[in-house]
Amino acid sequence: MKIVVSWLKEYCPTDLSSDELAELLTAKGAEVEEIERPWDRLKGVVVARVLEVRDHPNSDTLCLARVTAGDAEREVVVGVRNMMPGDLVPLAGPGATVPALPEPLSARKIRGVVSDGMLCSPWELGITTEHTGILVIPDDLQPGTDFKQAYGLDDSVLDIEVTPNRPDFLSVIGIAREVAAATGVPLRVPDVALDEDDEKADEVATVEILDLERCPRYLARIVRGIGHSPSPIRVQARLTASGMRPLSAAVDATNYAMLEIGQPLHPFDLARLKGPGIVVRPANDGERLVTLDGVERAFTSDDLLICDTERPVAVAGVMGGAVAEMSGSTADVLLESAWFERGGIQRTRRRIGLSTEASTRFERGTDPEAVPLGADRACRLIAEWCGGRVLAGSVEAGGAAERRRVSLRPSRASLVIGYPVSAADAARAFDRLGMACEVEDQDLVAVEVPGYRVDIEREVDLIEEVVRVQGYERVGSTVPPVRQVGGVPPAYGFRALLRGSLRRSGIREVRLLSFASQEDMEMAGGDDPIRITNPLQADEAFLRTRLLPGLLRSVQRNVYRHVRGVALFEVGTVFRMKDGAADERPSLALAMTGPASQTWAEPPRSFDFFDAKGVLEALLEDAGVRHWSVGPPAGWPFHPGRSAAILAGEDALGMVGEIHPSLVERLDLGGRVAAAEVDVQVLMAHASSEIEVRDVPRFPPVRRDLAFVVDTATPAAPVQAALLEAGGDLIETCLLFDVFSGPPLGQGKKSLAFSIDLRAPDRTLTDEEADAVVRRIAERLASEFGAELRAG
Amino acid sequence: MDPQEARRILDEERERGLSMIASADSSEALDAAKVGVLGRKSRFSQVQRALGSFDPEDRKRLGMAANELREALQSALDERSRALAGAEQARLLEGDRIDVTLPGRRLRTGSLHPLTIVEDEMVGIFTRMGYRVEEGPEIEDDWHNFEALNIPPDHPARTMKDSLYVEIPGFLLRTETSAVQIRTMESQDPPVYIVAPGRTYRREAVDATHLSVFHQVEGLAVDEGISFADLKGTLETFARALFGPDRRVRMNPDYFPFVEPGCQVAVSCFKCDGTGCAVCGNGWIELLGAGMVHPKVLENCGIDAERYTGFAFGIGVERVAMVRHGVSDMRMFVEGDVRFLQQFQGAGA
Ligand SMILES: [Zn+2]
């Protein structure tokens with residue numbers, strides 16, 4: 001809401017500067033986001049009298065005007081010839097500046113004639129937003145008068161962010177009321193003195209409400225015989241600065257009154273209303289109306305229409321219809337001032353997708369008591385600016401609801417706020433806010449809530465008013481006695497542990513958006529995704545079912561940006577539809593590509609399967625997962641020969657592998673990408689944080705290095721498992737330290753070399769005992785894998 | 001050999017021996033010199049062996065001279081040996097020399113995401129104050145995300161921001177982690193002291209100052225006698241832990257449907273201490289929204305709103321991270337650009 005400061009001060013005449021007002025209002029909950037000074041650049045423009053207008057010798061469109069601002073005469077070139085000799089016009093001489101132009105004016109030659117300055121249009125002066133002709137000043141001013149001074153444009157505008165609970169802040173009076181409460185400067189009421197005609201409004205038109213729930217109050221006033229002229233210059237300037245477009249004086253009057261009081265008003269051309277009468281009723285399904293913006297709209301029975309006795313003429317609380325629109329020939333006006341129920345206006349506004357100044361106010365809540373005030377104020381302004389006769393009285397249906405009475409217990413206020421509040425303190429605060437209250441006893445203050453405070457419903461709302469008026473800065477600073485030990489739930493702590501492990505493995509954490517595109521779905525082979533019904537972009541149509549696609553895109557961005565050696569992980573939620581409900585699971589993924597070697601000291605190599613697997617092994621170890629195994633290839637989008645499922649018992653923990661070359665190519669990733677994805681929930685189910693300490697061995701180990709020759713196709717893991725089983729309890733550690741193929745081994749053969757530490761807890765092993773273990777191992781591996789123990 | 005000759009030999013051997021020792025330039029040469037001057041076949045040994053045939057007077061005199069010569073030679077040998085060992089080692093060390101300016105061998109270093117770092121720090125402050133972390137689903141139902149939080153369907157607050165809905169009727173991506181408040185209060189009797197970190201969603205185009213997915217740390221305290229002053233003191237404690245001991249906290253009235261009174265909380269700038277700078281503008285950094293839990297919210301969770309009061313606050317993790325680390329473009333948080341991420345190397349628990 002934009003509030004013109006001079007306007008505000010008409011209703012609360014404080015001495016505070018704009019900056020002080022901004023600070024004060026912000027501290028009271030009407031946050032001033034910006035102080036605008038729309039006429040800051042309006043300097044040196046004076047009122048001048050036109051002496052002569054003649055054709056420009058070298059142009060058909062331009063003309064020359066001889067003017068005087070009380071001193072010497074000067075000649076200016078003018079683009080629009082809408083002024084006559086004798087008219088008063090704004091003259092910007094050389095050196096003057098105007099809001100619409102970035103540079104100061106100077107005398108310059110236009111088509112061979114020197115223009116000694118410029119005559120200004122309202123747009124150039126910042127009075128309207130439209131570029132029309134030269135402003136012909138209607139007021140009787142002395143030539144030479146400073147234009148800015150004359151119209152009080154040494155002004156500023158407060159841009160206030162109005163919270164939805166305070167629709168009363170959507171008006172000059174509402175803000176003035178808050179300033180009055182904060183400063184103690186008394187609030188003034190708008191001038192609504194009317195010189196009423198003998199003719200009575202209720203003898204001219206009728207008003208009927210068929211849905212009192214949606215429209216509890218409707219009031220019409222009538223003004224006959226209005227003239228057609230622009231509204232006063234200062235009014236136009238204020239409307240423009242408030243973000244509204246000046247139109248005709250009669251329409252401007254309704255907008256001006258609305259900005260002032262917060263009551264939306266709508267003028268109808270009385271002659272175009274059948275009856276003339278107003279009927280407020282729900283629309284019939286499919287009923288149509290062309291609104292003022294020229295669009296034909298269809299309505300449902302949940303929309304409320306304003307009709308005359310035959311047909312709809314406006315969408316209640318949102319916008320008027322074209323059929324009864326004001327025009328340049330309108331003589332008689334029926335002015336609507338009504339109170340509509342909030343929710344209904346909101347539903348209609350959403351349904352037809354049309355938001356107006358009126359709908360904004362109605363859907364947040366207007367003051368039922370302001371219905372006559374708004375109408376009176378607008379009539380008063382119309383009479384003042386357009387002439388015409390204001391008919392006596394009004395035509396009204398329905399009425400204002402009774403004021404709510406809400407009580408406050410000072411003891412409760414003291415408890416909630418945290419400092420002592422007495423009944424007198426509370427009463428003083430309500431008095432400041434202009435809310436009538438009664439101290440019923442020491443611990444009970446009853447407040448009559450004015451209609452404009454739609455937000456005050458119960459005691460706590462009054463408590464807020466007390467602390468707001470007294471000032472939030474008065475609130476002390478204490479800390480509650482927390483009688484529990486803080487901490488995090490196991491799942492939260494577990495994810496932190498996983499992040500720590502991956503970080504120690506040299507991977508960088510990312511946090512990506514939770515959305516997925518159709519393409520991501522194909523990339524991930526994701527089943528049962530959850531669709532977003534109102535995505536902003538097509539590539540956010542789903543919630544991610546896996547982390548990998550997003551992670552690969554992130555890797556891709558880095559590759560494109562020439563980052564060397566990318567290793568990323570994410571721990572986040574993935575979503576799937578399960579039996580019609582959302583299944584959210586914590587997941588973990590990592591991906592790495594590019595140079596794995598870091599320094600001159602290592603041989604150069606790139607990330608591959610074993611990097612990802614090594615990271616995963618460390619992760620499983622850190623998580624305390626002791627029993628896991630490598631399963632079959634992981635499937636798409638992994639490489640069929642360089643990937644594996646990771647199992648814990650029967651449960652699928654996740655998968656590790658290199659990304660399928662065709663996907664690497666499609667994403668243009670340039671080389672092998674090693675990745676893994678893990679279901680964190682399954683991982684946690686198999687994790688153990690228990691540490692059971694065994695005694696440190698006291699007897700020395702016997703170390704044997706054993707190299708077995710097997711077929712190349714034989715996987716290492718089952719060989720090692722069989723070795724451990726055959727070796728029995730005496731095997732303390734078993735390290736696969738070399739894998740080798742080529743001469744002198746035969747074709748299709750490879751050697752697996754294990755370093756084995758044998759140890760007994762209660763004695764030093766003899767060579768004979770060790771030899772026996774080795775023999776058992778050799779026999780087992782020979783029979784199971786055809787393995788041959790190499791002499792070594 | 002007569003005593004006279006013995007004496008001459010000793011004198012000659014002194015001169016010859018010392019010179020041999022001095023000229024030995026390796027431990028091998030020194031060993032040879034030792035054999036030459038003191039070995040069994042040396043002229044010195046011949047003199048020693050001849051001593052027995054001398055008369056007692058000469059024997060005693062020449063014996064002393066021989067001993068004295070042996071000690072002198074031995075000490076010359078030792079000294080030379082030490083010198084040679086030192087030189088030897090120096091030569092070995094020289095051969096072992098490396099270029100110490102080459103970079104060291106190291107493991108690859110990972111890093112935590114700045115939002116993880118900031119969230120951990122904030123959560124850590126509250127858990128040390130005795131708060132427990134609670135989590136909830138990211139896809140929420142209308143009740144927990146709106147209705148229970150005092151935001152009925154036609155409430156103007158529903159138009160404040162656009163929500164993302166999913167295909168499951170009545171469910172949406174949560175707009176605040178406040179929903180966790182409701183879930184906690186529904187399942188737990190007061191006292192309640194919790195923080196709820198997590199992801200929240202908004203239907204918003206991603207640009208430098210907006211994200212469609214962002215993170216919050218929501219706090220809730222419900223107990224007997226909780227006051228607005230408790231809220232201020234708690235947030236002051238938090239702000240000082242996060243931004244330094246001299247920070248002040250300022251509350252201005254603000255509106256959130258689930259609190260009353262509500263406030264917007266700003267912290268005096270940690271860069272300029274409140275005088276105004278590029279980080280803060282006017283000396284205050286707007287940090288979060290907060291307020292006293294609305295009695296309707298307590299009632300919605302079956303809590304006696306007359307007996308218990310509470311406060312709640314919601315802190316934007318991105319906001320804190322931006323202020324803290326001078327991040328000017330929010331997209332950096334969601335792109336995963338290594339050049340951004342690596343700047344947080346070493347940070348975080
Ligand atoms: Zn600062």
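Across all chains of this predicted model, a search of the whole structure turns up 89 salt bridges. One of them joins the side chains of A:Arg468 and A:Glu178, with an N to O distance of 2.7 Å. A:Arg468 sits in helix 12 (residues 459-470) of chain A and A:Glu178 in helix 4 (residues 172-183) of chain A, so this pair ties together parts that lie 290 residues apart in sequence.

**Where the two chains meet**

Let's turn to the contact between chain B and chain A. Chain B brings 99 residues to the contact, and chain A brings 97 residues. The size of an interface is often given as the accessible area lost when the parts come together. Here the area buried between chain B and chain A is about 8000 Å², and carbon and sulfur atoms give 52% of that area. Which three residues supply more than any other three of the area that chain B buries against chain A? They are B:Arg108, B:Glu167 and B:Pro253, which supply 10% of that area.

Charged and polar pairs also feature here. Between chain B and chain A there are ten salt bridges, and 50 residue pairs are in polar contact, both residues being at pLDDT 80 or more. On the side of chain B that touches chain A, helix 8 (residues 228-243) of chain B gives the most, with eight residues. By type, the residues on that side of chain B comprise 45 nonpolar, 28 polar and 26 charged.

| Nitrogen side | Oxygen side | N to O distance |
|---|---|---|
| A:Arg468 | A:Glu178 | 2.7 Å |
| B:Arg199 | A:Glu570 | 3.6 Å |

The pair B:Arg199 and A:Glu570 brings together side chains from chain B and chain A.

**The zinc site**

Chain B also supplies the protein donors of the zinc ion: the SG atoms of B:Cys269, B:Cys272, B:Cys277 and B:Cys280, lying 2.2 to 2.3 Å from the metal. Along the sequence, these donor residues follow the spacing C-x2-C-x4-C-x2-C. Why does the arrangement count as tetrahedral? The four donor atoms around the zinc ion subtend angles of 104 to 116 degrees, and the cut-off for this geometry asks that all angles lie between 85 and 135 degrees. For reference, the ideal angle for four tetrahedral donors is 109.5 degrees.

**Backbone details worth a look**

Two cis peptide bonds deserve a mention. In chain A, the bond from A:Trp636 to A:Pro637 is cis, with omega near 5 degrees; A:Pro637 is placed in the loop between strand 32 (629-630) and strand 33 (638-648) of chain A. In chain B, the bond from B:Glu260 to B:Pro261 is cis, with omega near -5 degrees, and B:Pro261 belongs to strand 7 (residues 259-268) of chain B.

Finally, A:Asp528 has a phi near 50 degrees, a positive value in a residue other than glycine. A:Asp528 is found in the loop between helix 14 (518-524) and strand 29 (542-543) of chain A.

Key:
Residues are numbered from 1 along each chain as its sequence is written. Chains are lettered from A and ligands numbered from 1 in the order in which they are written. This is a predicted model: local features need pLDDT of at least 70, side-chain atom pairs count only at pLDDT 80 or more; totals for chains, interfaces and linings use all residues. Side-chain values use heavy atoms; hydrogens and water are left out. Contact means heavy atoms within 4.5 Å. Buried area is the accessible area (1.4 Å probe) that two parts lose on being put together, summed over both. A salt bridge is a side-chain nitrogen of Lys or Arg within 4 Å of a carboxyl oxygen of Asp or Glu. A polar contact is a pair of N or O atoms within 3.5 Å; within protein, one must be able to donate a hydrogen and the other to accept it, and residues adjacent in sequence count only if both atoms are side-chain atoms. Helices (H or I, at least four residues) and strands (E, at least two) are DSSP runs, numbered from the N terminus. Ala, Val, Leu, Ile, Met, Phe, Trp, Tyr, Cys and Pro count as nonpolar, Asp, Glu, Lys and Arg as charged, and the others, Gly among them, as polar. Donors are N, O and S atoms within 2.8 Å of the metal (3.2 Å for Na, K and Ca); water is not among the atoms, so sites may look incomplete. Four donors count as tetrahedral if all angles lie between 85 and 135 degrees; four count as square planar and six as octahedral if opposite donors are over 155 degrees apart and all others between 65 and 115; anything else is irregular.
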